[in-house]
Amino acid sequence: MKETIRNLIAEALDKARDAGQLDLNCSPEIVVEEPRDKKMGDFSTTIAMALAKTEKKNPRVIAEAIAGNMKTTDGDLAGVEIAGPGFINLKMEPSFYLNGLLEVAKRGTGFGNCDLGKNQKVLLEFVSANPTGPLHVGHGRGAAVGDMLGALLKKAGYEVFKEYYVNDVGNQMNTLGRSTWLRYQELYGKNIDFPGDHYQGEYINDVARSVQEEKGDSLLEKAEDEVLPYFREFSARYILDGIKEHLQAFRVEFNGWFSEESLYEGDSVDRIIDGLKDKGYVYEKDGAVWLKTTDFNDEKDRVVVKQSGDRTYFCSDIAYHQNKIKRGFDKIINIWGADHHGYVARMQAVVKTLGFDLENFHTLLVQFVALKRGGEKVAMSTRSGEFITLDEVVREVGVDATRFFFLMRSSDSHLDFDMDLAKKETPENPVFYIQYAHARICSIFRTAEEQGFALPDVSKIKLSRIKEKEELDLVKKILAYPEVIQKSAEALEVHRVSFYLQELVGQFHSYYNKHRIVTDDKELTLARLFLVDCLRTLIRSGLGLLGVSAPEKM
RNA sequence: GCGCCCGUAGCUCAGCUGGAUAGAGUGUCAGACUCCGAAUCUGAAGGUCGCGCGUUCGAAUCGCGCCGGGCGCACCA
């Protein structure tokens with residue numbers, strides 16, 4: 001929509017130049033925006049102010065030269081005005097918008113798709129919680145953001161691959177296995193001194209009971225060294241299965257689960273390190289192997305292989321990212337919890353040493369979630385095992401509300417998640433506000449059908465009957481959707497869509513309260529039904545991105 | 001001490017990457033269903049955009065310095 005306006009202005013600029021009114025020895029970007037105050041017009045541009053410097057003329061003089069070269073006699077342009085220091089304000093004919101509506105009808109939920117991504121392949125890695133315990137609410141936020149970003153990027157023309165990185169290597173796995181082993185022994189009445197640095201959560205008992213079901217007491221008398229591998233693998237698998245189940249219940253799907261352990265099959269990790277050594281990025285010191293991340297803005301170099309010969313987590317990450325690059329992705333996006341922000345610099349260093357363009361490497365940090373209940377913050381601590389799991393929240397407040405609450409805020413802002421509010425089926429709850437609009441439209445159609453109305457072919461609808469201020473505003477808002485999609489995909493900011501939907505639906509509710517859709521006037525009714533049908537399509541599309549359902553009845 | 005994020009209405013947050021008189025929701029107050037769903041709508045009140053300099057035609061937005069809150073600063077994962 002704005003593109004059309006931009007072209008109109010560009011044409012006027014050319015004419016002004018041809019007529020010798022402007023020099024135009026440079027071509028600045030034409031900024032088109034919608035003025036806050038609608039009285040000022042439908043669109044406005046600051047081009048005259050931007051040109052003031054190079055043209056060495058008063059912005060108002062420039063504005064007049066441009067405005068003078070815009071036709072209002074035919075086409076969609078209704079009026080041009082100059083205001084303030086040199087804003088050029090444009091008013092459009094209703095037809096301009098109404099014709100845009102046909103596009104919605106034609107493309108359905110595909111309306112708003114764009115070619116920003118040009119089919120580039122994107123790897124989206126998110127959640128990636130260690131398989132040492134169930135997902136908590138913080139992971140849930142990352143899951144919702146990642147899932148929606150995937151949907152958004154797909155809509156914006158990218159080919160998206162969503163991946164979960166499973167950290168199934170390292171000491172933590174041994175600790176996990178041992179935790180289960182100890183709890184297992186406890187089940188048989190053994191008095192165990194459970195170490196403080198082992199996993200304290202109640203879920204470990206569940207794992208132990210599951211071992212009991214499978215193996216009975218057959219492992220009880222065996223030596224720890226002998227059974228530990230079994231406990232380790234059993235626990236990891238059990239917990240990962242739980243994670244998968246909870247994510248699925250939360251409507252988050254992954255295309256791939258990447259095992260850290262798989263990186264170490266063969267000698268590929270050593271080869272990568274050797275490769276970096278040849279390039280001079282890796283050196284040895286104090287018996288350890290280091291990567292010179294300080295060459296790329298990190299505050300200190302990082303250990304890749306420990307003195308002990310063990311490889312660090314960081315080492316795996318190097319190999320993992322090398323793997324991502326090798327798989328041919330054009331764009332790599334990681335979504336991490338904000339507590340990992342200290343790793344951003346070093347991962348950028350890694351990606352750069354591996355020869356990947358940093359322009360196409362993004363790390364999104366999702367800030368913490370503070371859970372609230374009855375106005376009180378719920379204390380959480382992973383170490384002590386006292387935390388609220390994602391699954392508990394989802395069971396209590398439902399998938400729709402949980403997802404929406406995670407997606408309604410900018411992800412780099414801390415989130416207060418008020419469970420009591422999320423559960424309320426009242427106007428205070430923004431999820432229902434949007435879903436209600438959808439249900440309401442469906443209800444309108446039920447009424448309309450009872451009265452014998454059915455939407456005919458688009459060509460038979462008299463769009464010109466749509467002329468109330470509220471409905472034209474609504475049409476305008478509908479047509480802003482593609483831009484919202486594009487902008488939020490560019491910025492990797494998922495919350496913009498949520499805000500847009502709330503605004504969109506708000507306009508509908510106002511309109512609905514002021515004007516009747518189904519009336520005695522058949523032509524008018526059909527035109528309005530058509531408008532509202534387009535809106536319904538859009539709500540479905542938007543809620544679809546959020547992964548929130550669009551119910552026909554509530 | 002260093003680094004990242006945040007600071008906007010009583011509360012929770014937007015603010016389209018520098019534009020016109022800073023916006024929503026919620027809460028408070030006052031109103032609207034014999035009529036397509038009142039889970040809705042209309043109106044009022046509510047602001048030194050944390051503070052101070054600077055950049056320019058123009059700053060909530062950009063830069064620097066403070067103040068306050070959160071989170072990180074491992075040869076853990």
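Colleague: How many salt bridges does the structure hold?

Modeller: The structure holds 30 salt bridges, a salt bridge being a side-chain nitrogen of Lys or Arg within 4 Å of a carboxyl oxygen of Asp or Glu. This is a predicted model, where local features need pLDDT of at least 70, side-chain atom pairs count only at pLDDT 80 or more, and totals for chains, interfaces and linings use all residues. Residues are numbered from 1 along each chain as its sequence is written, chains are lettered from A and ligands numbered from 1 in the order in which they are written, and side-chain values use heavy atoms, with hydrogens and water left out.

Colleague: Why do such side chains pair at all?

Modeller: Opposite charges on side chains can pair when the charged atoms come close.

Colleague: Which residue does Lys 324 pair with?

Modeller: Lys 324 pairs with Glu 125, and their closest N and O atoms are 2.8 Å apart. The two sit in distant parts of the chain, 199 residues apart: Lys 324 in helix α10 (residues 313-326) and Glu 125 in strand β5 (residues 121-125). Helices (H or I, at least four residues) and strands (E, at least two) are DSSP runs, numbered from the N terminus.

Colleague: Is that Lys 324 buried or exposed?

Modeller: Lys 324 is buried, and Glu 125 is too. Buried means under 20% relative accessible area, exposed over 50%, and partly exposed in between (1.4 Å probe, protein chains only).

Colleague: And what does Asp 147 meet?

Modeller: Asp 147 meets Lys 162 in a salt bridge of 2.8 Å, N to O. Asp 147 belongs to helix α5 (residues 137-155) and Lys 162 to strand β6 (residues 159-166), so the pair ties together parts 15 residues apart in sequence. Both Asp 147 and Lys 162 are buried.

Colleague: What about Arg 209, which residue is its partner?

Modeller: Asp 206, with the closest N and O atoms 2.9 Å apart. They are separated by about one helical turn because they are three residues apart in helix α7 (residues 203-215). Arg 209 counts as partly exposed because its relative accessibility is 33%, and Asp 206 is partly exposed with a relative accessible area of 33%.

Colleague: Which residues are linked with Arg 17 in a network?

Modeller: Asp 14 and Asp 18 are linked with Arg 17 in a network of salt bridges.

Colleague: Changing topic. At what angle do α9 and α10 cross?

Modeller: Their axes, lines fitted to C-alpha atoms over the stretch in contact, with angles from 0 to 180 degrees between N-to-C directions, come within 10 Å and cross at roughly 90 degrees. The contact (heavy atoms within 4.5 Å) involves Val 269, Ile 272, Ile 273 and Leu 276 of α9, and Cys 315, Ile 318, Ala 319 and Gln 322 of α10.

Colleague: How exposed or buried is Cys 315 there?

Modeller: Cys 315 is buried, with a relative accessible area of 1%.

Colleague: Where is Glu 265?

Modeller: Glu 265 is in the loop between β7 (256-259) and α9 (268-278). Glu 265 is exposed, with a relative accessible area of 61%.

Colleague: Last one. How many helices and strands are in chain A?

Modeller: Chain A has 19 helices and 15 strands. Of its 554 residues, 50% count as buried.
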